[in-house]
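Have the structure open while you read.

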Amino acid sequence: MKSKATNLIEKRDKLSAEITKYWNIINVENVVNRNYKRNYDLKALFDTIKSLSEQRVMIKMKSLALNLGFKNFNDLPKDCIQFDIFRLCELQELKVRLGKVKTLNPKLKIAKGKKNLNKVEALTSNWIKARIDELNLEIINVKKRISDFNESAELDDTVPMAIAA
């Protein structure tokens with residue numbers, strides 16, 4: 001299947017808009033009044049965001065290939081590390097956005113008891129911390145691959161004739 005740069009940009013922008021929409025829903029619906037009926041399963045929505053983020057990485061890779069003048073996505077070198085660089089950005093964004101989700105104060109929940117609070121949460125601080133810990137492990141692995149690549153990669157940086165003219 002062939003893709004034009006404008007189509008890839010459009011897909012990337014749609015993915016970004018959808019991811020932002022889902023983060024906004026999570027931020028609004030996580031801590032709500034006890035009698036509020038949520039419209040979404042926030043844990044499933046987080047999984048959807050992760051999936052959309054992976055799709056956005058692939059779209060960015062395809063755009064990069066086009067911008068570098070490749071006509072076939074499979075022509076990218078096997079040792080191309082850019083996928084990991086884009087993935088690292090997405091993982092770090094997930095971590096930051098997840099860390100900004102408001103939760104109930106755990107000390108308040110213990111002091112008053114969950115049943116005595118007038119607010120409820122879908123994503124607890126413990127659940128969020130566990131997801132952040134998982135993301136941190138992925139981030140460490142991706143950073144290691146990037147670091148290993150950077151330690152061994154070399155470039156003959158002689159200015160090509162096409163650019164020097």
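This is a predicted model: local features need pLDDT of at least 70, side-chain atom pairs count only at pLDDT 80 or more; totals for chains, interfaces and linings use all residues.

H1 and H3 run roughly parallel to each other, since their axes cross at roughly 25° and angles under 35 degrees count as roughly parallel.

**H1 against H3**

- Helix H1 covers residues 5-29 and helix H3 covers residues 82-99, and their axes come within 11 Å.
- The crossing of this pair is right-handed.
- On the H1 side you'll find Thr20, Trp23 and Asn24, which meet Leu94, Arg97 and Leu98 in H3.
- Sorted by class, that contact between H1 and H3 has three nonpolar, two polar and one charged residues.

**H2 against H3**

- Helix H2 spans residues 42-67, and it packs on H3 at an angle of about 150° with the axes 9 Å apart.
- H2 passes H3 in a right-handed crossing.
- From H2, the residues that meet H3 include Phe46, Ile49, Ser53, Arg56, Val57, Met61 and Leu64.
- Their partners on H3 include Phe83, Phe86, Arg87, Glu90, Leu94 and Leu98.
- The residues of the H2 contact with H3 split into ten nonpolar, two polar and seven charged.

- Glutamate 90 sits in helix H3, and at 2% relative accessibility it counts as buried.
- What does the side chain of glutamate 90 make a polar contact with at 2.7 Å? The partner is the side chain of arginine 56.
- The glutamate 90 side chain also makes a polar contact with the side chain of serine 53, at 3.4 Å.
- Skipping residues up to four places away in sequence, glutamate 90 touches Ser53, Arg56, Val57 and Lys60.

**H3 against H5**

- Helix H5 takes in residues 125-152, and H3 packs with it at an angle of about 160°, axes 9 Å apart.
- The H3 and H5 crossing is left-handed.
- H3 brings a run of residues to this contact, among them Asp84, Ile85, Leu88, Leu91, Lys95 and Leu98.
- H5 answers with residues including Trp127, Ile128, Ile132, Leu135, Ile139, Val142, Arg145 and Ile146.
- By class, the contact of H3 with H5 divides into twelve nonpolar, three polar and seven charged residues.

- Aspartate 84 belongs to helix H3, and it is buried, with a relative accessible area of 11%.
- The side chain of aspartate 84 makes a polar contact with the side chain of arginine 145, at 3.0 Å.
- Leave aside neighbours within four places in sequence, and aspartate 84 is in contact with Val142, Arg145 and Ile146.
- Leucine 88 is found in helix H3 as well, and at 13% relative accessibility it counts as buried.
- Not counting residues up to four places away in sequence, leucine 88 touches Ile139, Val142, Lys143 and Ile146.
- For a sense of spacing, leucine 88 and aspartate 13 are 75 residues apart in sequence and 19 Å apart in space, C-alpha to C-alpha.

**Glutamate 134 in H5**

- Glutamate 134 is placed in helix H5.

**Lysine 109 in H4**

- Helix H4 runs over residues 106-112 and holds lysine 109.
- Lysine 109 is buried, with a relative accessible area of 15%.
- Its side chain makes a polar contact with the side chain of glutamate 121, at 2.5 Å.
- The C-alpha atoms of lysine 109 and glutamate 121 are separated by 11 Å, and the two residues are twelve apart along the chain.
- Beyond residues up to four places away in sequence, lysine 109 touches Leu104, Lys114, Leu117, Glu121 and Thr124.

Technical notes. Residues are numbered from 1 along each chain as its sequence is written. Side-chain values use heavy atoms; hydrogens and water are left out. Axes are lines fitted to C-alpha atoms, for helices over the stretch in contact, and angles run from 0 to 180 degrees between N-to-C directions. Helices (H or I, at least four residues) and strands (E, at least two) are DSSP runs, numbered from the N terminus. Angles under 35 degrees count as roughly parallel, over 145 as roughly antiparallel, 65 to 115 as roughly perpendicular and the rest as oblique. A crossing is left-handed if the near helix is turned anticlockwise from the far one by less than a right angle, and right-handed if clockwise. Contact means heavy atoms within 4.5 Å. Ala, Val, Leu, Ile, Met, Phe, Trp, Tyr, Cys and Pro count as nonpolar, Asp, Glu, Lys and Arg as charged, and the others, Gly among them, as polar. Buried means under 20% relative accessible area, exposed over 50%, partly exposed in between (1.4 Å probe, protein chains only). A polar contact is a pair of N or O atoms within 3.5 Å; within protein, one must be able to donate a hydrogen and the other to accept it, and residues adjacent in sequence count only if both atoms are side-chain atoms.
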